[in-house]
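I opened the notebook to look up a few features one after another, and I wrote down how each term is defined where I used it.

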Amino acid sequence: MNRRDFLLALAATALTPAAGWTAPSAMRLKAEPVTARLLPAGQGVTRMLGFNGSTPGPEIRVRQGGRVAVIFENGIDRDSAVHWHGIHIDNPMDGVPGLTQAAVKPGETFDYAFDMPYAGTYWYHSHERSWEQVAMGLYGPLIVEERDPPRVDHDITVVFDDWRLTRSGQLRANFGNRHDFSHDGRLGNFARALPSREAVRRGDRVRLRLINAATARIFQVEIGGGAGKIVAHDGMPLADPEPLGELELAPAQRTDVILDVAATLTFAFLTRRRPYELGKIAVQGVNPAPIDAPIAPLPPPRVPAPDRKKARRLTLAMQGGAMGGRHGGKDLWAFNDHSGLPDAPWQRFERGETALITMRNDTAFPHGIHIHGHHFHELGEDGALGHYRDTTLVDPRRRRDVLCVFDNPGKWLIHCHTLAHQASGMKTWVEVV
Ligand code: C2O
Ligand code: CU
């Protein structure tokens with residue numbers, strides 16, 4: 001980011017949070033052109049895409065065990081479809097054109113309806129030309145509340161994103177250029193954290209649901225103004241909440257934090273040069289009766305236990321990109337010497353089978369690997385069970401073992417969530433029967 005962009009970020013006004021929607025009534029979700037206030041007041045608006053008039057799209061909120069029913073209407077001039085990221089969803093509702101449904105043509109609709117087995121912070125986004133449509137704004141938060149939620153004064157969603165803007169504040173039209181595809185993806189020159197609420201009181205206990213909606217940017221985030229704990233990653237509770245330090249959010253990752261407010265809450269992006277102010281939540285007034293119980297773990301989800309002994313051992317090698325050397329795939333990126341979706345699944349699992357997958361990054365770039373319809377355990381160097389996530393970041397030339405119980409029947413994509421990498425080869429699929 002250059003200096004001009006940094007100044008622009010400081011001067012910008014907050015986006016108006018989108019109006020929410022709460023189950024159980026059926027909802028219309030229309031993808032359409034929108035204008036967003038990214039620029040300082042008086043300097044005009046940015047033409048983008050969004051849902052129901054805004055980007056991010058409306059926050060969809062439902063109680064755990066509840067059902068979401070959405071009539072998706074495609075009001076843009078290209079095919080589209082909606083993916084419900086991180087939900088252990090009924091496969092035909094997963095929103096992947098070419099694998100689980102046909103793309104929705106301009107002017108047409110598609111009915112999505114599915115249950116929410118787990119509580120947590122999720123999101124939805126276009127899964128058609130996602131490297132372009134997500135970068136243009138086609139996404140929104142999807143929140144599943146616990147049946148017995150933790151006591152907080154406010155539950156606030158904070159969406160992180162970056163955009164590549166021209167000097168007049170419009171999205172640069174160079175989507176899909178080869179340099180982005182073969183390097184880090186489409187990084188923006190202007191980044192923000194967009195909270196769903198503008199002010200809190202000193203002494204309030206707040207839950208922050210952080211969502212990285214960027215197509216390529218890995219955010220290193222420092223939260224100022226409060227003390228608290230990290231209570232969940234990718235929607236799934238930590239058995240032992242962790243101290244709130246510097247956070248890393250790869251594209252598509254989420255983190256839930258519960259903290260007690262002492263001063264203005266600030267979100268700083270720790271760049272190599274200096275912190276970049278992404279956004280804040282102001283303090284107005286004082287909470288006369290602060291919650292003083294300790295911050296407890298969220299209710300544990302009933303997730304399937306992995307069977308390590310019988311686990312199928314697999315390697316998923318990430319290959320390609322600039323400075324990546326040769327591989328057997330036909331596009332810029334590959335998994336195991338194959339670019340793009342193979343005709344037959346990479347693996348076929350019996351329902352409930354456990355796989356131990358070594359995700360090995362043979363490239364010069366980091367990759368956040370996402371498995372659809374499931375979460376998986378990250379394993380430490382010593383094999384200890386780590387976080388339970390749906391997207392795991394593997395640094396260049398490193399590897400990470402994960403343990404996944406494939407218990408959800410259907411056809412599931414596995415891909416890099418740097419969406420330019422996905423578009424140029426780094427994806428595959430598995431079938432659970
Ligand atoms: Cu967030 Cu394949 O998706
Ligand atoms: Cu990647």
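Which order do the 6 strands of the open sheet have? I found the order 20-19-22-27-24-25, and the pairing in this open sheet is mixed. I noted that strands are DSSP runs (E, at least two residues) and helices are DSSP runs too (H or I, at least four residues), both numbered from the N terminus, and that two strands pair if DSSP finds at least two bridges between them. Strand 20 (333–335) and strand 25 (385–389) each have a single partner strand, so one side of each of these edge strands is left without a neighbour in the sheet.

Before going on, I wrote down that this is a predicted model, in which local features need pLDDT of at least 70 and side-chain atom pairs count only at pLDDT 80 or more, while totals for chains, interfaces and linings use all residues. Residues are numbered from 1 along each chain as its sequence is written, chains are lettered from A and ligands numbered from 1 in the order in which they are written, and side-chain values use heavy atoms, with hydrogens and water left out.

**Entry: pairs around strand 27**

I then followed strand 27 (residues 399–406), which pairs with strand 22 (residues 353–361) in the antiparallel sense over 8 bridges. Within this pairing, alanine 355 has cysteine 404 as its bridge partner, and threonine 358 stands opposite aspartate 401. Strand 24 (residues 376–379) also runs antiparallel to strand 27, joined by 2 bridges, and here glutamate 378 stands opposite valine 402.

**Entry: the copper ion**

Which residues coordinate the copper ion (ligand 2)? I listed His367 (ND1), Cys416 (SG) and His421 (ND1), at 2.0 to 2.1 Å. Along the chain these donors follow the spacing H-x48-C-x4-H. The two histidines link distant parts of the chain, since histidine 367 belongs to strand 23 (residues 367–371) and histidine 421 to helix 4 (residues 419–423), 54 residues apart. Donors are N, O and S atoms within 2.8 Å of the metal (3.2 Å for Na, K and Ca), and water is not among the atoms, so sites may look incomplete. Are histidine 367 and histidine 421 buried or exposed? Both are buried, where buried means under 20% relative accessible area, exposed over 50%, and partly exposed in between (1.4 Å probe, protein chains only).

**Entry: backbone details**

I looked up a cis peptide bond, which joins threonine 55 and proline 56 with omega of about -5°; proline 56 has its place in the loop between strand 3 (46–51) and strand 4 (60–63).

Two residues other than glycine have a positive phi in my notes. Aspartate 234, with phi near 50°, lies in the loop between strand 14 (219–233) and strand 15 (236–243), and at 0% relative accessibility aspartate 234 counts as buried. Methionine 323, with phi of about 60°, is found in the loop between strand 19 (312–320) and strand 20, and methionine 323 is exposed, with a relative accessible area of 61%.
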